[in-house]
Amino acid sequence: MSAETVTRPAAADALARGRGRRAARRRVLLGVLALLIAAAFATTLMVGRTFYPPGEVMRVILGEQVPGASFTVGTLRLPRAVLAAAAGLCFGLGGVSFQTMLRNPLASPDIIGISSGASAAAAFAIVVLSLGDFEVSVFAIVAGLGVAMLIYLLAFKDGVAGTRLILIGIGIAAMLDSVTSYVLSRAAEWDLQEAMRWLTGSLNGTTWDEAVPVALALAVLGPLLLSRSRDLSMMQLGDDTAAALGVRVERTRIIVIVAAVGLIAFATAAAGPIAFVAFLSGPIAARIVGPGGSLLVPAALVGALLVLVADFCGQYAFGTRFPVGVVTGVLGAPYLVYLIVRTNRAGGSL
Amino acid sequence: MTPVGTAPAPDPAAVRRPVRVRILWLLAALLALALLMLASVALGSRNVGIADITAALAGTDATLEQAAVAKRIPRTLLAVVVGAALGLSGAVMQGVTRNPLADPGILGVNMGASLAVVTGIVFFGLAAPTSYIWVAIAGAAAAAAFVYTVGALGRGGATPLKLALAGAATSAAAASLVSAVALPRNDVAGGFRLWQVGGVGGASYDGIAHVLPFLAAGAAISLLSARSLNALALGDELAAGLGERVALARGGGALGAVTLCGAATAVTGPIGFVGLVVPHACRLLVGVDHRWLLPFSALLGASLLTAADVVGRVVARPEEVAVGIVTALIGAPFFIYIVRRQQVRSL
C-alpha cells in the first residue's frame with residue numbers, strides 16, 4: 001500500500017520530466033531551424049553577383065536609398081527571398097496537413113495532383129486568358145479545390161482507401177501535367193524559363209506583385225491551419241477515436257482541405273509547383289523533431305529552409321542558373337525512392 | 001486461375017474466345033487500322049482534295065497540298081510502328097509483372113530512356129542516329145530493372161501500388177535530371193522540349209529505317225515469349241511446376257518489352273498510356289491467351305496512336321496537339337477506371 005503511494009508520484013514525475021525534456025528539445029530544434037532560415041534569408045540578400053555588407057542591406061530594408069544596393073537588394077533580391085520563404089512555408093504546411101490527415105506520407109498535394117491542377121490552371125490563366133496576378137491565384141485555388149474534390153470522389157468506393165486515392169492522384173497528375181505542357185506549347189513565344197516555372201517551379205524574375213499575395217495568404221490561412229493542429233493529431237488515431245475525443249471530424253477535414261489547398265494554390269500561382277517541397281518537408285521534419293507533437297510548424301520551417309537553400313544553390317552553385325524546382329527535384333526524387341525502399345523493407349502498409 | 005492481385009476472376013467465356021470470334025476481331029482491327037491510316041494521310045491542318053491525296057500517294061508533290069500529304073505519309077508510318085511497339089511492350093510488361101497497371105510510361109521506363117538520350121547528347125556528343133537508339137534502350141533497361149527491384153522489395157512482392165509508386169518516383173527523378181542536364185544548353189533545350197512531350201511530327205523515312213530493325217528484334221523476342229507469359233500468368237510456383245524457367249521467361253519478356261519502348265522513345269520521345277490502355281482493351285476482345293493478346297495489342301496500339309495523332313492534328317487547327325498529350329488525356333481516365341475496379345485488398 002505504502003509502496004504504491006510512493007512509486008506513483010515518482011512514475012508521474014518521471015513521465016513529466018520526460019515530457020518536459022522532449023518539449024525543451026523540440027523548442028531548441030525549432031529555434032535552430034528558425035535561425036537557419038534567418039541565416040539563409042540574410043545570405044540570399046547579401047550574396048550574389050555583387051556582395052553587399054549587412055549594414056547596407058539593413059539600410060535598404062529600412063527604406064533608405066543606397067546607390068546600387070537599393071535596386072539589387074530592394075527590387076531583385078528581397079521579393080525573391082520573401083517569396084522563397086513564404087512559398088516554402090506554404091508548401092511545407094499544406095503538404096504536411098494532407099500527409100497527417102490522410103495518414104500517409106505519399107498523400108502530399110504534389111504527388112496526388114493538386115499542385116499539378118493549380119499549376120495547369122495558372123498556366124492556362126496566364127498564357128491563354130492573359131489574366132492578372134490576383135485572378136490567376138483565384139483560378140489556381142478553384143482548380144486545386146476542384147482536383148482535391150475530384151480525387152476524393154473518384155477514390156470513394158465503400159469509403160476512401162489511401163492506396164486507391166494515391167494511385168488515382170498519380171493518374172490525375174499525369175493528365176494535368178500534359179495539359180500544362182499543351183498550354184505551354186501554345187504560348188506564342190516559347191520562353192523556356194517561364195515554362196520551367198509551370199513545369200517544375202521557379203523564382204526567377206520575382207517581383208513584389210507575386211510575393212505579396214503569397215505572404216498574405218500565409219498570414220490568413222496559416223493560423224487557421226495551426227488552430228486545427230490538435231484536432232489533426234487526434235484524427236491520426238482514426239476518425240472514430242477522434243470523434244469520441246470530441247473532434248468534429250468532418251468540419252475539421254473540410255477546414256484543413258480548404259486551407260491547405262489554398263496555401264498550395266497561392267504559392268503555386270506565384271512560384272509554380274516547386275517540385276517535392278510539399279512532399280519532403282513532412283518526413284524531414286519528422287526525422288528532425290522525432291515522434292510526438294504536431295508536425296505542422298516544423299514542416300513549414302523545413303519547407304522554407306529547403307526553398308531558400310535550393311534557390312540559392314540553383315542560382316550560384318553551378319555554371320548556369322537553375323530554377324529552384326530543378327534543384328529540389330534532383331534532391332527530392334531520390335529521397336522519394338529511398339522512402340519507398342525503406343517502407344517496402346519494413347513491410348509497412350504502403 | 002488468375003493469380004491474386006491481378007484481376008477479379010474472369011468468367012471462362014472471357015478467357016477462351018472461339019477462334020472464329022478472334023479472327024473476326026482481327027479482321028475488324030486490320031480494317032480499322034487501314035481506315036485510320038487513310039484518315040491520317042487525308043486529314044490535317046491543311047484541307048486537301050481526293051485528287052491531291054492520290055497524286056501524293058503515287059509519289060508526286062507538285063502542289064502545296066500534295067507536298068503536305070507527302071509529309072503525312074512518313075508520319076503515319078511512324079505512328080503505326082511506334083504505336084505497335086508501345087502496345088506490344090505494354091502487353092508484355094503487364095504479363096511479366098502480372099500487374100494491370102504496368103505501362104512503359106507509368107513504370108518510368110520511357111523517362112529512363114529520355115534521360116539516357118539527353119545525357120548521351122550533352123556529355124558524350126552522341127550524333128549518329130542508331131547510337132541514340134542503343135543508348136535509349138540501355139536507359140530503358142536500367143530504369144525497368146531499378147523500378148522492378150524497388151517495387152519488389154518487402155512484403156507481397158511487386159504489387160501494383162508499389163510498382164506504380166516506384167515508377168512515378170523514378171519518372172520524377174529522371175525528369176528532374178533531364179531538365180538539369182538540358183537546361184544549361186540552349187541548343188539542346190530548344191529541340192529537346194518538342195521531343196520531351198512525345199510526338200511523331202518530325203518523322204522521316206530515314207528515322208523510321210534506323211529504328212525499324214530494333215523494333216523488329218524487340219517484337220520478335222516479345223512474341224516468342226508469349227507461351228512463357230501464359231505460364232507465368234498461373235503464378236510463379238505453378239509455372240515452375242509446369243517446367244517453365246521463371247526467371248528466364250521474365251528476363252526474356254522484359255528484354256523484348258524494354259527494347260521496344262526504348263527504341264520507340266528514341267524516335268518519338270516519351271509517349272505514355274498507350275501500353276496501359278491497349279492490352280486491357282485487347283483482353284476484352286480476344287481473351288487472355290498471350291499468343292493472341294500480343295499481336296492484337298500491337299495492332300490496336302498502332303490504331304490508337306494513329307488515331308491520337310489524327311485527333312491532335314484536327315482539334316486545334318491550325319496548330320497541333322502533340323500525340324503524347326492526347327494519349328495522356330485518353331489514358332489517364334482509363335488508368336483511374338482500372339484503379340477503381342481493383343479491389344483495395346489486392347492493391
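This is a predicted model: local features need pLDDT of at least 70, side-chain atom pairs count only at pLDDT 80 or more; totals for chains, interfaces and linings use all residues.

User: What makes residues of chain B count as in contact with chain A?

Analyst: The cut-off is on C-beta atoms, which must lie within 7 Å. By that test, 37 residues of chain B are in contact with 38 residues of chain A.

User: Which elements of chain B give two or more residues to the side that touches chain A?

Analyst: They are helix 7 (160-182), helix 8 (186-197) and helix 15 (323-341) of chain B. Helix 7 gives the most, with 14 residues. By type, the residues on this side of chain B are 27 nonpolar, 6 polar and 4 charged.

User: How do you know that the length of helix 5 of chain B agrees with its number of residues?

Analyst: Take 1.5 Å a residue. The 16 residues of helix 5 (residues 109-124) should then span 22 Å. The end C-alpha atoms are 21 Å apart, so the two agree. Just after this helix, B:G125 takes a positive phi of about 60 degrees.

User: Which residues have the most contacts inside the largest nonpolar core?

Analyst: A:A87 and A:C90, in a core of 234 residues. Helix 3 (residues 69-101) of chain A gives the most to this core, with 16 residues. Leaving aside neighbours within four places in sequence, A:A87 is in contact with residues including A:V214, A:A267 and A:V307.

How values were computed: Residues are numbered from 1 along each chain as its sequence is written. Chains are lettered from A and ligands numbered from 1 in the order in which they are written. Two residues are in contact if their C-beta atoms, placed from the backbone, lie within 7 Å. Helices (H or I, at least four residues) and strands (E, at least two) are DSSP runs, numbered from the N terminus. Ala, Val, Leu, Ile, Met, Phe, Trp, Tyr, Cys and Pro count as nonpolar, Asp, Glu, Lys and Arg as charged, and the others, Gly among them, as polar. The expected span of a helix is 1.5 Å times one less than its number of residues. A nonpolar core is a set of buried Ala, Val, Leu, Ile, Met, Phe, Trp, Tyr and Cys residues joined through C-beta atoms within 7 Å. A residue is buried if 20 or more other C-beta atoms lie within 10 Å of its own, exposed if 12 or fewer, and partly exposed in between; C-beta atoms are placed from the backbone.
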